[in-house]
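These are my notebook entries on a single protein chain.

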Amino acid sequence: MDDDTGAQLLELRESVAQVVQDCSEERVLRLRVCLLSLPSEALGLVGSHVSKPLQFLVANNNNNKAVAESVRLQLIETQQLVYERAPFGSLDFFANLTFIALTTEGKIASNPSEEIQCALLAACASLIERHGSPFVLDTPTRLDTLPILGHAVSVLLDAASRPAKQLRVHALTALQLLVTKLASPAAFAAIIPGIVTQIAKILTGDFKQGFRVFEAACRTFAVAVSAVLSNTCYADRAANESRVDEFVRAAKAHSESAARKTMLLAKQSDEWWANTALQLKRIFESLATC
C-alpha cells in the first residue's frame with residue numbers, strides 16, 4: 001500500500017468518525033467523496049468498518065437523536081456504494097442481507113417509508129450482484145445461513161406484493177438476483193414452490209400494475225423455475241439427492257442443532273419432482289386462463 005492510499009484510508013476513517021459524531025448531509029457527502037477516491041482494492045481493508053457504522057445510523061440512532069429521512073437516504077445510498085466498490089467476498093454477505101431484510105420490514109427502524117424501502121432494496125440488489133455466490137453444502141455451519149436466506153426471500157416477496165409499483169420492481173429485481181447468484185437446488189428446493197406461487201399471484205393480480213412490474217415478475221418467475229427445475233437439475237437429480245443425504249448424515253453427526261436445521265433442506269426425490277411438477281402445472285394453467 002503506497003503513501004497516497006494510506007492517507008486516503010486515514011481520511012476515510014476520520015470521515016466515518018465525523019459522520020457518527022454528527023450525522024449531517026454535508027458529512028455524509030464528504031464520506032461518499034472519500035469512498036469514490038479510494039481504490040477498490042484498498043476499500044476491501046476497511047469495507048466492514050465503514051458498513052457497520054452506516055447500518056447503525058440507518059437504524060435511526062445518532063447519539064439517541066433521530067436521523068432525518070433525507071440523511072438516512074444518503075446513508076443507504078452510501079452503503080450501496082460500499083457494496084458496489086468493495087472487492088468480492090470482503091463483506092459478510094449474510095450479515096448485510098439480514099440487516100437489509102430486518103430494516104425493510106421495520107424490525108430495526110420502525111415504519112420505514114416507501115422511499116427508504118426502495119433505497120434499501122436497491123442496495124440489496126447491489127449487495128447480491130457484487131457479493132452473492134453459489135450456495136454450497138460444504139460444512140454443517142452452512143446450515144446457519146438457510147434461515148437468513150428464507151427470511152430474505154419472505155421479505156422480498158412481501159415487498160413485491162405491496163401496492164407501490166416502484167417497490168415491487170425493486171423487490172422483484174433483488175429476488176431475481178438472489179436466486180440467480182445463489183443458485184443451488186439444495187438451498188432453494190424447499191422454497192422455490194412458494195416463490196413461484198407468490199409471483200404467479202402478482203402476474204394474475206392487478207392489471208393496472210404496469211409493464212415494468214409485469215416484466216420483472218416474468219423474469220423472476222422464469223429464473224426461479226429454472227433454478228431447480230432445469231434439464232440439468234433433472235439430469236443430475238440422483239447425484240443432487242445423494243449429496244444432500246451425505247450432508248445430512250454429516251450434519252447429524254456434527255451436532256443436535258445442525259441436525260434440526262437439516263429439516264430446512266428438501267431432497268429432490270422422485271416424489272418431490274412429481275409434486276412440484278403438479279403444482280407448477282396448476283400455476284401455468286391459472287396463468288394461461290387469466
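**Entry 1: Gln117**

In which helix does Gln117 lie? I found Gln117 in helix α6, which covers residues 114-131. I note here that the model is a predicted one.

I then listed its contacts, leaving aside neighbours within four places in sequence: they are Thr104, Pro112, Arg162 and Leu167.

**Entry 2: Val213**

I looked up Val213 and placed it in helix α11. Its relative accessibility is 1%, so Val213 counts as buried. Not counting residues up to four places away in sequence, Val213 touches Lys165, Arg168, Val169, Leu172 and Ile202.

Apart from neighbours within four places in sequence, Leu12 is in contact with Leu31, Cys34, Leu35, Leu38, Leu43, Val46 and Val50.

**Entry 3: cysteines**

How many disulfides are there? The count came to zero. I examined Cys118 as one case. The closest cysteine sulfur to that of Cys118 belongs to Cys124 and is 13 Å away, which is too far for a bond, because a disulfide requires the two sulfur atoms to be within 2.5 Å.

I also looked up accessibility. Cys118 is buried, at a relative accessible area of 10%, and Cys233 is buried as well, at 9%.

**Entry 4: partly exposed residues**

Asp206 lies in the loop between α10 (192-203) and α11. Its relative accessible area is 42%, so Asp206 is partly exposed. The C-alpha atoms of Asp206 and Glu69 are separated by 30 Å, and the two residues are 137 residues apart along the chain.

Tyr234 is in helix α12. I recorded a relative accessible area of 43%, which means that Tyr234 is partly exposed. Tyr234 and Trp273 are 39 residues apart along the chain, and their C-alpha atoms are separated by 8.6 Å.

Ser286 is in helix α15, residues 270-289. At 33% relative accessibility, Ser286 is partly exposed. Between the C-alpha atoms of Ser286 and Ser255, 31 residues apart along the chain, I noted a separation of 44 Å.

**Entry 5: the largest pocket**

Last, I looked for empty space. Rolling a probe the size of a water molecule over the atoms shows where such space is left.

The largest pocket has a volume of about 310 Å³. Its lining consists of 18 residues, and those nearest its centre are Ser184, Pro185, Ala186, Asn240 and Arg243. Two or more lining residues come from each of α9 (185-188), α11 (211-229), α12 (231-235) and α13 (237-254).

Which element gives the most to the lining? I found that α13 does, with three residues. By kind, the lining divides into nine nonpolar, six polar and three charged residues.

Notes:
Residues are numbered from 1 along each chain as its sequence is written. This is a predicted model: local features need pLDDT of at least 70, side-chain atom pairs count only at pLDDT 80 or more; totals for chains, interfaces and linings use all residues. Side-chain values use heavy atoms; hydrogens and water are left out. On a 1 Å grid over the protein atoms alone, a cavity is a set of points where a 1.4 Å probe fits but cannot get out, and a pocket is an open set with protein on both sides within 12 Å along at least five of seven lines; lining residues have an atom within 4 Å of a point. Grid points are joined across faces, edges and corners, and a volume is the space filled by probe spheres set on the points. Helices (H or I, at least four residues) and strands (E, at least two) are DSSP runs, numbered from the N terminus. Ala, Val, Leu, Ile, Met, Phe, Trp, Tyr, Cys and Pro count as nonpolar, Asp, Glu, Lys and Arg as charged, and the others, Gly among them, as polar. Buried means under 20% relative accessible area, exposed over 50%, partly exposed in between (1.4 Å probe, protein chains only). Contact means heavy atoms within 4.5 Å.
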